[in-house]
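Here are my notes on the model you sent over.

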Amino acid sequence: MAITRASKRRRISPPDSPHLVEPASHVGKSTKASEWNLEQQYEQRPREQKKDVESTRLPIKTAEGRIERLASPESEEESVDSIFGSDDEGVSDTQETEIEDRPVETPIRQQITEAKEELARIGTLLSENPEEHVGCFRKIAEIGTSPNATIKKLSLATQLAVYKDIIPGYRIRPLGEIDSLEKVSKDVRKLRSFEQALVTNYQNYIKELSKCAKASGDGPSEDTANMTTVAISCACNLLLTVPHFNFRSELIKILVDKLSKRNRDGDFIKCLETLEKLFREDDDGNPSLDG
């Protein structure tokens, strides 16, 4: 009996067909699809285009014979700044901060104009109703503390006009302890308060006149000399217009100090003429006793 051999079957590899892929590959397909969507979104995103800066530099010819156009210096600076960063913004911010922190100085001319307007306003208030604006005496004196010589002279002249206008025709005596405990009407209390404020501020004004009159020293400057002249002029004016009022002896002392220097300038002659007129018109003898 003949023996028959079994036919040998060949293994045929499956064709490359997507339909014959194993089910586990569905997971990979979803992953690839999501990646594809991200790539599409990135491709569709608008891109910033660099502005082409037209170069103003002439082209050059290289050693190989090629003609090359040089880049613009601005574009080179921009590229360097973009790589290493630019500190111009920080420097400019610091400079702006320093400028803002620096105090702004008012021009001298503007300071003088503002001082004139303020002195005129305060002087008007005191002349119209001094009892209601007692605090204005101190305001005028504070303006006179300015380092500017012109403003200081304006303050002295304004105070002179105000005191000549509001000083009463009698001498104000200081209030004692009994007077302060005495029961008086509201109007009397208000008048006493005004009188004491007037005397106190007037005394401070005369002290300032005495200080300015002695400020000449050795080799005075022009501003100091002018200040001395204004102070002596104010003292002479008060001594002739209100000789009956308080602190007459302090005014006389300012003039005597000037006469003791024996420098026969304009201020010396003014002091001499003022004292002569004061003693000549002295009817009751009180100014002469103070002299």
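1. Let me start with a pair of helices. Keep in mind that this is a predicted model. Helix α4 (residues 108-128) packs with helix α6 (residues 149-166) at an angle of about 10°, and their axes are 10 Å apart. Angles under 35 degrees count as roughly parallel, so that is the label for α4 and α6.

2. Who makes that contact? On the α4 side you'll find Gln111, Ile112, Ala115, Lys116, Leu119, Gly123, Leu126 and Ser127. Facing them from α6 are Thr150, Ile151, Leu154, Ser155, Thr158, Val162, Asp165 and Ile166. By class, the residues of the α4 contact with α6 are eight nonpolar, six polar and two charged. As a reminder on helices in general, there are 3.6 residues a turn in an α-helix, so residues three or four places apart point the same way.

3. Is Ser155 buried or exposed? This residue of helix α6 has a relative accessible area of 1%, and the cut-off for buried is under 20%, so Ser155 is buried. Its side chain reaches the backbone nitrogen of Gly144 at 3.4 Å. Not counting residues up to four places away in sequence, Ser155 touches Leu119, Ile140, Ala141, Ile143 and Gly144.

4. Thr158 also sits in helix α6. With 17% relative accessibility, Thr158 counts as buried. Leave aside the neighbours within four places in sequence, and Thr158 is in contact with Leu119 and Ile140. Both of those residues are on the list for Ser155 as well.

5. Now for the whole protein. How many helices and strands does it have? There are twelve helices and two strands. Reading from the N terminus, the order of elements is α-β-β-α-α-α-α-α-α-α-α-α-α-α. Of the 291 residues, 25% are buried. Take the contacts with a separation of 6 or more: 59% of them come from residues 24 or more positions apart.

6. I gave α9 (residues 222-241) a quick length check. At 1.5 Å a residue, its 20 residues should span 28 Å, and the end C-alpha atoms are 29 Å apart, so the two values agree.

7. Which residues of α9 are buried? They are Met227, Thr228, Ala231, Ile232, Cys234, Ala235, Cys236, Leu238 and Leu239. These buried residues pack against α6, α8 (186-213), α10 (248-259) and α11 (266-280).

8. Phe247 is not a glycine, yet it has a positive phi of about 65°. At 15% relative accessibility, Phe247 counts as buried.

Terms used:
Residues are numbered from 1 along each chain as its sequence is written. This is a predicted model: local features need pLDDT of at least 70, side-chain atom pairs count only at pLDDT 80 or more; totals for chains, interfaces and linings use all residues. Side-chain values use heavy atoms; hydrogens and water are left out. Axes are lines fitted to C-alpha atoms, for helices over the stretch in contact, and angles run from 0 to 180 degrees between N-to-C directions. Helices (H or I, at least four residues) and strands (E, at least two) are DSSP runs, numbered from the N terminus. Angles under 35 degrees count as roughly parallel, over 145 as roughly antiparallel, 65 to 115 as roughly perpendicular and the rest as oblique. Contact means heavy atoms within 4.5 Å. Ala, Val, Leu, Ile, Met, Phe, Trp, Tyr, Cys and Pro count as nonpolar, Asp, Glu, Lys and Arg as charged, and the others, Gly among them, as polar. Buried means under 20% relative accessible area, exposed over 50%, partly exposed in between (1.4 Å probe, protein chains only). A polar contact is a pair of N or O atoms within 3.5 Å; within protein, one must be able to donate a hydrogen and the other to accept it, and residues adjacent in sequence count only if both atoms are side-chain atoms. The expected span of a helix is 1.5 Å times one less than its number of residues.
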